[in-house]
Amino acid sequence: GESDVFAATQAPQNPAERPGYHRWRSVAAELGAPVEFELGARVPDFHGLVTSAHALVTTSIAEGFGLAFLEPWLAGRRLVGRDLPEITGDFAAAGLDLSGLYRRLEVPLGWVDGAGLRGRMAAALEGVMGAYGRVSTPEHLERLWRHVVRDGLIDFGRLDETAQEAVIRRLARARADRDQLRPRDLGPGPQPGLLEHNRSVVERSYSLAGYRRRLEGIYGRLLESPTTEPLEAGDGDALLDRFLAPQRLCLLRT
């Protein structure tokens, strides 16, 4: 809502990320955005800081294990933002309810320089594939474009920072355009029973006892599996095909 205030707890530790971080701080200050930076450095009680929030927000386009999807529920706070099915699939299988997250944050394609964006995507594909001895083709670019653009809308998470800044500046200047975002809001309001349900799932499946049960199950299956068949190496080319699939490319990660 109009009265919401957002906060980031820490600055990036990677020196390579700091110029971009300071650029975003400057943009936020220029636009008067309701964002607090490095609040965790000013508030020593991190748990108190978390519980003072109405919700925790994740806008990540990639995660490792995905603790950001588990920890809020233990603090008694709901999670809103972007779902990453490749990460959260296992959590959902364990019973965690993340149905309130979005998988795409769509904005009209006309809000960005489409030709410039396509050119930057083509260069990124060429660089990534070339690093693995592959050659990028126009068909690869078309596959990526068809994946990120649907019905004249493009996923904000697939834009680079240049295009993202252009979108944010437009929304700050023309507030009525916010109604064209899909979804319009970060997520649904509090859902009865959701906090308790998800907390119990996390405590059951991702506690030390939960990890022990899963490891014991894995080791048990290995010990019981037959060993008569010879072991063979996996198909490296097939794995690389999956890893370098054009539709997986995110400009923010290149």
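1. At 22% relative accessibility, Glu 38 counts as partly exposed. This is a predicted model, and Glu 38 sits in the loop between β2 and α2 (39–42). Its backbone deserves a check: Glu 38 has a positive phi of about 55 degrees, although the residue is not a glycine.

2. Glu 38 also takes part in a salt bridge with Arg 25, where the closest N and O atoms are 2.9 Å apart. The pair links distant parts of the chain, with Glu 38 in the loop between β2 and α2 and Arg 25 in helix α1, 13 residues apart. Arg 25 counts as partly exposed because its relative accessibility is 32%.

3. A positive phi of about 55 degrees is also found at Asp 151, which is not a glycine. Asp 151 is placed in the loop between β6 (149–150) and β7 (153–155). With 80% relative accessibility, Asp 151 counts as exposed.

4. Asp 155, in strand β7, is buried, its relative accessible area being 4%. Leaving out residues up to four places away in sequence, Asp 155 touches Arg 82, Arg 103, Arg 104, Leu 105, Glu 106 and Val 148.

5. Arg 182 and Pro 183 are joined by a cis peptide bond, with omega about 0 degrees. Pro 183 belongs to the loop between α8 and α9 (194–205).

6. Helix α8 covers residues 161–173, 13 residues in total, and spans 18 Å from its first C-alpha to its last, close to the 18 Å expected at 1.5 Å a residue. Its buried residues are Ala 163, Gln 164, Glu 165, Val 167 and Leu 171. Among the elements that cover them are α1 (18–31), β5 (106–108) and α6 (114–130).

7. The largest nonpolar core has 23 residues, of which Leu 117, Met 121, Ile 154, Leu 159 and Val 167 touch the most other members. At least two residues of this core come from each of α6, α7 (138–148) and α8. A second, separate core has 14 residues, including Leu 70, Phe 91, Leu 98 and Tyr 206.

8. Leu 159 has contacts to Val 112, Leu 117, Ile 154, Gln 164, Val 167, Leu 251 and Leu 252, not counting residues up to four places away in sequence.

9. On the surface, Phe 6, Val 35, Val 57 and Leu 186 form a nonpolar patch, with about 270 Å² of accessible area together. Val 35 lies in strand β2 (residues 35–36) and, at 32% relative accessibility, counts as partly exposed.

10. The structure holds 16 salt bridges. One of them pairs Arg 248 with Glu 86, the closest N and O atoms being 2.5 Å apart. This pair links distant parts of the chain: Arg 248 is in the segment after α11 (236–243) and Glu 86 in helix α5 (residues 85–93), 162 residues apart. Arg 248 is partly exposed, with a relative accessible area of 40%, while Glu 86 is exposed at 64%.

11. Glu 142 and Arg 118 also meet through their side chains in a salt bridge (2.5 Å, N to O). Glu 142 lies in helix α7 and Arg 118 in helix α6, so the bridge ties together parts that are 24 residues apart in sequence. Both ends are partly exposed: Glu 142 has a relative accessible area of 31%, and Arg 118 has a relative accessibility of 24%.

How values were computed. Residues are numbered from 1 along each chain as its sequence is written. This is a predicted model: local features need pLDDT of at least 70, side-chain atom pairs count only at pLDDT 80 or more; totals for chains, interfaces and linings use all residues. Side-chain values use heavy atoms; hydrogens and water are left out. Helices (H or I, at least four residues) and strands (E, at least two) are DSSP runs, numbered from the N terminus. The expected span of a helix is 1.5 Å times one less than its number of residues. Buried means under 20% relative accessible area, exposed over 50%, partly exposed in between (1.4 Å probe, protein chains only). Contact means heavy atoms within 4.5 Å. Patches are made of residues with over 30% relative accessible area and no salt bridge: like charges are joined within 9 Å, nonpolar side chains (Val, Leu, Ile, Met, Phe, Trp, Tyr) within 5 Å. Accessible areas come from the Shrake-Rupley method with a 1.4 Å probe; for residues, only the protein chains shown count as cover. A salt bridge is a side-chain nitrogen of Lys or Arg within 4 Å of a carboxyl oxygen of Asp or Glu. A nonpolar core is a set of buried Ala, Val, Leu, Ile, Met, Phe, Trp, Tyr and Cys residues joined through side-chain atoms within 4.5 Å.
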